[in-house]
Amino acid sequence: MIILGIDPGYGILGFGVIDKRGSSLRTIAYGVIETPKVSRFPVRLKYIGEKISELIDKYRPEAVSVEELFFQNNAKTAIMVAEARGVVLYVTENAGVPLYEYTPMQIKQAITGYGRADKQQMQNMIKLLLGLDKIPKPDDAADALAAALTHAQTNSAMGNFGVR
């Protein structure tokens with residue numbers, strides 16, 4: 001099963017693509033989508049939509065796993081990230097790819113077994129679980145791989161049905 005994980009953002013959005021076959025996990029790709037800082041916000045949202053569409057077309061995921069937002073102190077930033085996340089949800093649904101959403105705590109629980117794990121614990125486990133030589137960088141890409149891994153773990157535990 002090809003899974004596209006997304007760590008939402010409007011300046012930098014992380015993505016990670018993994019393949020799960022039985023108990024085997026393989027990293028296909030990971031990275032970030034960076035929007036031009038000088039562009040108007042609607043243009044940045046359009047850019048995100050186009051790039052997510054390209055990722056879906058290129059990797060043909062069987063599932064997209066998106067991290068849900070957690071409350072931030074800066075309401076303006078939270079709203080802008082939520083709008084970028086909305087673009088991801090729209091493009092995914094429009095492409096007809098099953099979409100799954102996980103809270104940061106669910107992701108930490110699935111990856112480390114502890115819902116309050118710190119960033120270093122998460123990154124070390126991502127590296128270990130995917131058999132990578134080094135911790136994925138930047139952090140947004142590692143977070144996206146964690147979202148994809150969470151779906152792989154949850155989907156496996158639920159007999160390939162998942163929670164939609």
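Pro-138 sits in the loop that links α4 (119-130) to α5 (139-157), where helices are DSSP runs of H or I with at least four residues, strands are runs of E with at least two, and both are numbered from the N terminus. The peptide bond between Lys-137 and Pro-138 is cis, with omega at about -5°. The model is predicted, so to speak of local features pLDDT of at least 70 is needed and side-chain atom pairs count only at pLDDT 80 or more, while totals for chains, interfaces and linings use all residues. Residues are numbered from 1 along each chain as its sequence is written, and side-chain values use heavy atoms, with hydrogens and water left out.

Arg-60 is not a glycine, yet its phi is positive, at about 50°. With a relative accessible area of 57%, Arg-60 is exposed (over 50%; buried is under 20% and partly exposed lies in between, with a 1.4 Å probe and protein chains only).

β4 pairs in the parallel sense with β1 (residues 2-7) over 4 bridges, pairing being defined by at least two DSSP bridges between two strands; here Leu-4 stands opposite Val-64. β4 also pairs with β5 (residues 99-102), again parallel and over 4 bridges, and Glu-67 stands opposite Tyr-102 in β5.
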